[in-house]
Amino acid sequence: MNKAQLVEAIADKLGGRQQAADAVDAVLDAIVRAVVGGDRVSVTGFGSFEKVERPARYARNPQTGERVRVKKTSVPRFRAGQGFKDLVSGSKKLPKGGEVSVKKAPKGSLSGGSSTRTTAKAAAKKATARKTAAKKATTAKKTAAKKTTAAKTTAKKATTAKKTAAKKSTTAKTAAKKTTAKKTAPAKKTTAKKAPAKKATARKTAAKKTTARRK
């Protein structure tokens, strides 16, 4: 069983796959942090996790048989509890339905004490902080997208208003030109009409002069 299968196995009991995944991550993170810090995590009936120091030693390379010096190191170790051992060995039967009976650890039974609980709380707080940060980032992106859309809409409206104003101005200029043309046309006709009147007057004057000469 891998981690994904473990999450699926407990998903129904925790109300969903995401809740189960968060619970598994929180438990594993708390255990790892406690062991790395030198604390011993003990679960009564299940087992304990602890950090073990291995001194420097000599070992043999299995391929060549050569003697090799191994540096001092620290390794994690898990020790199964008595109840877990009894179930695996078969001295106790695994219940067919329900959960495996694991005794609750009495207060103060964890060697890590308050340090382990503090580590678990810190892990839970970090997980909550990450979720909050993710939500804020998503909200900020949505707000920015809305602002961008609003800005584009405003720009489009401004462009449309400018085009409309330009069309109105062009229409007004065209109307003004037509009005000017209309006013100019009658003036030319009037001038044309006045010219024949002058010619008639000249003819009359010439006729009068001719009559006067004949007399």
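**Contacts, core and surface**

Analyst: Leaving aside neighbours within four places in sequence, Val7 is in contact with Arg17, Ala20, Ala21 and Val24; contact here means heavy atoms within 4.5 Å. The model is a predicted one, in which local features need pLDDT of at least 70 and side-chain atom pairs count only at pLDDT 80 or more, while totals for chains, interfaces and linings use all residues. Residues are numbered from 1 along each chain as its sequence is written, and side-chain values use heavy atoms, with hydrogens and water left out.

User: Which residues make up the largest nonpolar core?

Analyst: A nonpolar core is a set of buried Ala, Val, Leu, Ile, Met, Phe, Trp, Tyr and Cys residues joined through side-chain atoms within 4.5 Å. Buried means under 20% relative accessible area, exposed means over 50%, and partly exposed lies in between (1.4 Å probe, protein chains only). Here the largest such core has 5 residues: Val7, Ala11, Ala20, Ala21 and Val24. At least two of its residues come from each of helix 1 (3–14) and helix 2 (17–36). Helix 2 gives the largest share of this core, with 3 residues.

User: How many helices and strands are there, and in what pattern do they follow along the sequence?

Analyst: Helices (H or I, at least four residues) and strands (E, at least two) are DSSP runs, numbered from the N terminus. The protein has 4 helices and 5 strands, and their pattern along the sequence is α-α-β-β-β-β-β-α-α. Of the 215 residues in the protein, 11% are buried. As for sequence separation, 41% of the contacts between residues at least 6 apart join residues at least 24 apart.

User: How does strand 3 run relative to strand 4, and how many bridges join them?

Analyst: Two strands pair if DSSP finds at least two bridges between them. Strand 3 (residues 57–60) and strand 4 (residues 67–70) are antiparallel and are joined by 4 bridges. Arg57 has Val70 of strand 4 as its bridge partner, and Arg60 stands opposite Arg67 in strand 4. In this hairpin, 6 residues lie between the strands, and Gly65 takes a positive phi near 80°.

User: Which residues form a nonpolar patch on the surface?

Analyst: Patches are made of residues with over 30% relative accessible area and no salt bridge; like charges are joined within 9 Å, and nonpolar side chains (Val, Leu, Ile, Met, Phe, Trp, Tyr) within 5 Å. In this protein Val43, Phe46 and Phe78 form a nonpolar patch, with about 220 Å² of accessible area together. Phe78 belongs to strand 5 (residues 73–80). Phe78 counts as partly exposed because its relative accessibility is 34%.

**Salt bridges**

User: How many salt bridges does a search of the whole structure find?

Analyst: A salt bridge is a side-chain nitrogen of Lys or Arg within 4 Å of a carboxyl oxygen of Asp or Glu. The search of the whole structure finds 6. In one of them Asp25 is joined to Lys3, with 2.5 Å between the closest N and O atoms. This pair links distant parts of the chain, since Asp25 lies in helix 2 and Lys3 in helix 1, 22 residues apart. Asp25, at 34% relative accessibility, counts as partly exposed, and so does Lys3, at 45%.

User: What is the N to O distance between Arg17 and Glu8?

Analyst: These side chains meet in a salt bridge at 2.7 Å, N to O. Arg17 is partly exposed, with a relative accessible area of 46%; Glu8 is partly exposed, with a value of 46%.

User: Is Glu50 buried or exposed, and what is it in contact with?

Analyst: Glu50 lies in strand 2 (residues 47–54) and counts as buried because its relative accessibility is 14%. Leaving aside neighbours within four places in sequence, Glu50 is in contact with Val35, Asp39, Arg40, Val75, Pro76, Arg77 and Arg79. Glu50 also forms a salt bridge with Arg79, the closest N and O atoms being 3.6 Å apart. Distant parts of the chain are linked by this pair, with Glu50 in strand 2 and Arg79 in strand 5, 29 residues apart. Arg79 counts as partly exposed, at 45% relative accessibility.

User: Which residues are linked in a network of salt bridges?

Analyst: The network consists of Arg40, Glu50, Arg77 and Arg79.

Definitions and conventions
Accessible areas come from the Shrake-Rupley method with a 1.4 Å probe; for residues, only the protein chains shown count as cover.
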